[in-house]
Amino acid sequence: MDGTFSQLVMLGSSGMLLTALIVLWRKGVPAYITAYRWQAWLLAALTATVAYYGGDRQLYWVAALLMGLKGVAIPALLRTMQRRFGAQREATPYVNTEVSLLIASVLVVFAYLLGRPWMAVTHLPTRQGLPLAMSLLFVSLFIIVSRKKAITQVIGFLMLENAIALLAVVGTYGVPLLVEFGVFLDALMGFLVMQIFVYHIHETFDT
């Protein structure tokens with residue numbers, strides 16, 4: 001059973017990392033929003049998987065909140081922002097697509113090197129997802145600093161928050177419901193504040 005559980009954690013974590021790489025590969029904001037939505041669904045599915053195998057019923061509530069807030073509500077708000085700003089493309093990011101993917105691969109290798117000592121001292125069945133969660137964190141930070149469009153940077157921040165949530169789930173075998181509520185509120189308030197700034201930035205500078 002632990003082998004199946006570990007494989008599911010690896011599959012879900014790899015899928016979340018892949019969605020971040022899609023943001024570096026594609027240039028259209030609609031594709032970024034779709035990638036974020038899939039990432040949120042994968043995070044919710046992973047949380048529900050940990051709840052099932054770990055016998056923690058509270059995590060089912062966390063998974064439901066993840067699906068409702070990050071998988072439905074925030075993507076809908078991002079779509080509204082995208083429609084208001086019109087069709088947008090990251091035509092000239094600070095770092096081009098080829099170099100971005102190369103840097104992302106280096107960050108993934110770096111994350112695996114950092115995660116090896118951590119994996120050596122823990123016996124949790126979710127430990128295989130630790131380097132992938134760290135990779136997602138580093139790649140999300142790179143998205144924020146390498147893209148010009150304000151809405152793309154917002155999506156990078158949201159993916160960064162997903163990476164922190166994933167790290168908490170696989171690193172602690174689930175997190176208390178109260179802690180996750182606090183993270184939800186922080187992420188939601190941060191997103192609403194950034195949404196206000198994005199509107200002002202777009203009206204003034206566009207990037």
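So, helices H5 and H6: H5 covers residues 130-146, H6 covers residues 150-172, and they pack at an angle of about 165 degrees with their axes 8 Å apart. When I say axes, I mean lines fitted to C-alpha atoms, for helices over the stretch in contact, and the angles run from 0 to 180 degrees between N-to-C directions. Helices themselves are DSSP runs of H or I with at least four residues, strands are runs of E with at least two, and the numbering goes from the N terminus.

Before I go on, this is a predicted model, where local features need pLDDT of at least 70, side-chain atom pairs count only at pLDDT 80 or more, and totals for chains, interfaces and linings use all residues. Residues are numbered from 1 along each chain as its sequence is written, and side-chain values use heavy atoms, with hydrogens and water left out.

Back to our pair. H5 and H6 are therefore roughly antiparallel to each other; the cut-offs are over 145 degrees for roughly antiparallel, under 35 for roughly parallel, 65 to 115 for roughly perpendicular, and oblique for the rest. Their crossing is left-handed, that is, the near helix is turned anticlockwise from the far one by less than a right angle, while clockwise would be right-handed. Who makes the contact, meaning heavy atoms within 4.5 Å? On the H5 side you'll find, among them, Leu130, Leu137 and Ile144, and on the H6 side the residues include Phe157, Leu160 and Leu167. Sorted by class, this contact has 16 nonpolar residues, five polar and no charged. For those classes, Ala, Val, Leu, Ile, Met, Phe, Trp, Tyr, Cys and Pro count as nonpolar, Asp, Glu, Lys and Arg as charged, and the others, Gly among them, as polar.

Now, H6 has another partner. The axes of H2 and H6 come within 11 Å and cross at roughly 15 degrees. That makes H2 roughly parallel to H6. This crossing is left-handed. Among the residues in contact are Tyr32, Tyr36 and Leu43 of H2, along with Ile155, Leu158 and Asn162 of H6.

How many aromatic pairs turn up in a search of the whole structure? Two. Rings of Phe, Tyr and Trp (its six-membered ring) pair if their centres lie within 6.5 Å, with planes under 30 degrees apart called stacked, over 60 edge-to-face, and the rest tilted. Trp38 and Trp41 form an edge-to-face pair, 5.2 Å centre to centre with 70 degrees between the planes. Both sit in H2, residues 29-54, and because they are three residues apart, about one helical turn separates them. Trp38 is partly exposed at 47% relative accessibility, and Trp41 is partly exposed too, at 30%. Buried means under 20% relative accessible area, exposed over 50%, and partly exposed in between, using a 1.4 Å probe and protein chains only.

Thr97 belongs to helix H4, residues 97-121, and counts as buried at 12%. Leaving out residues up to four places away in sequence, Thr97 touches Leu24, Trp25 and Lys27. Gln7, in helix H1 (residues 2-25), is exposed at 58%.

Zooming out, the protein chain has seven helices and zero strands. Of its 207 residues, 48% count as buried.

How values were computed:
Contact means heavy atoms within 4.5 Å.
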